[in-house]
Amino acid sequence: MGVGEAISKGFAVSKKSIGLVTLLFIFGAIFNLLNIFLGPQGPVAPGDTPPPPSPALMVVSGIFVLLTIYFQGGSMAYVRDSVKTGSAALPNFLAGAGKYYVKLLLLGLIIAALVGGTILVAALVAGLLGAVSAIIAVPVTILIAALGVYFVVLLFLAPYAVIVDEMPIRASIRLSMKLVKRNILTLLAISLLMVVIGFGIGLALGALLAGVSLALKQPMLTQVVFAILSSLVNAFLGVLVTASFMNFYLSLNDRNNA
C-alpha cells in the first residue's frame, strides 16, 4: 500500500468513526479544561519562574496518562474492526481497551525506559567528554541521541502487532523492528504528511483563535474555547493517524500472508 492510499483510507475510516471521535473529544476536552482550571492562573511576568504544578494537577496528569493507554487500546481495536469489517461500535472499543491495556502499558514503559536511558547516557557522555573536548562531545552526544531515536522508531508498529496479531510483547517488538526496517521510507512519508496535515489545521485553528480572542477579550474564556476546539481537532487527527497506519499495517499482513 502506498502513502496516498493509506492516508485516503484513513480519512474514509475517520469519517465513519464519529462515535469514536466524539468519545476521544470528550476525554481530551475534560483533561484540557481541568488543566486550565487547576493550572496557574494569570500570566507569568517576564523573568519570573513559573509556579510548579499543583498536586491536584499532577494527580490529574498521572490519571490522564494511564487513561490515555486505555483509550489507545480501545481506539486501535475499534479502527482495526472498522477497517476489517467496514463497521465498528462502542463494544469494540470497550473490549479492546480492556483486553490490550497491560500489553500497551508495558510497551509504553519499555519505550519510556529506552528514551530515559538514552537521555541519561547522552548526558553522562557529554559530561565526561565535555571536560576533555567539546569538539568530540557534541558529535558523540548527537550520535547517541540519534541511535536512541532510531530504536524508538523501530518499535513504532509494535502496538499494531499486539492489536492486530494478538502477539505477546517480545514477539511484537521483533516483528515491528523487521517491518519498520523494510518499510521505513513509507512510514516516514506517512508520518511527514500527517505532520503537514496537523500543521495546516493548527494554523487554521490559530487564526480562528486569534479572531475569537479579539472578539471575547477574556483570556480565560478564550482558553476554554481553544481547549474545546483543539480537543475536537486532536480527536479527529488521532483517529486519522491510527486509521492510516492501521490500513498500512494490515496491507503488510495481507502481502506477507499471500
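Predicted model: local features only at pLDDT ≥ 70, side-chain atom pairs only at ≥ 80, totals over all residues.
Residues are numbered from 1 along each chain as its sequence is written, and side-chain values use heavy atoms, with hydrogens and water left out.

**The overall picture**

Let's start with the whole chain. Its secondary structure comes to 9 helices and 0 strands; helices (H or I, at least four residues) and strands (E, at least two) are DSSP runs, numbered from the N terminus. Along the sequence, the pattern reads α-α-α-α-α-α-α-α-α. Of the 258 residues, 34% count as buried, where buried means under 20% relative accessible area, exposed over 50% and partly exposed in between, with a 1.4 Å probe and protein chains only. Among the contacts with a separation of 6 or more, 73% come from residues 24 or more positions apart; a contact means heavy atoms within 4.5 Å.

**The core**

The largest nonpolar core has 48 residues. Such a core is a set of buried Ala, Val, Leu, Ile, Met, Phe, Trp, Tyr and Cys residues joined through side-chain atoms within 4.5 Å. Leu157, Ile190 and Tyr249 touch the most other members of this core. Elements giving two or more residues to the core include helix 1 (3-16), helix 5 (101-130) and helix 8 (169-216). Helix 9 gives the most, with 11 residues.

Setting aside neighbours within four places in sequence, Tyr249 is in contact with Leu157, Tyr160, Ala161, Val164, Asp165, Leu175 and Leu179.

Val180 is buried, with a relative accessible area of 1%. Beyond its neighbours within four places, Val180 is in contact with Val153, Leu154, Leu157 and Leu187.

**Helix 7, an enclosed helix**

Helix 7 is largely enclosed by the rest of the structure, because 7 of its 8 residues are buried. Those buried residues are Ala158, Pro159, Tyr160, Ala161, Val162, Ile163 and Val164. After helix 7 comes Glu166, with a positive phi near 55°.

Two packed helices are described by the angle between their axes and the distance between the axes. Here, axes are lines fitted to C-alpha atoms, for helices over the stretch in contact, and angles run from 0 to 180 degrees between N-to-C directions.

| Pair | Angle | Axis distance |
|---|---|---|
| Helix 3 and helix 7 | about 60° | 10 Å |
| Helix 3 and helix 4 | about 130° | 7 Å |

Helix 3 and helix 7 are therefore oblique to each other, and helix 3 and helix 4 are oblique to each other too. Angles under 35 degrees count as roughly parallel, over 145 as roughly antiparallel, 65 to 115 as roughly perpendicular and the rest as oblique.

In the contact with helix 7, residues of helix 3 including Gln72, Met76 and Arg80 meet Pro159, Tyr160, Ile163 and Val164. The residues of this contact divide into 6 nonpolar, 2 polar and 2 charged. Ala, Val, Leu, Ile, Met, Phe, Trp, Tyr, Cys and Pro count as nonpolar, Asp, Glu, Lys and Arg as charged, and the others, Gly among them, as polar.
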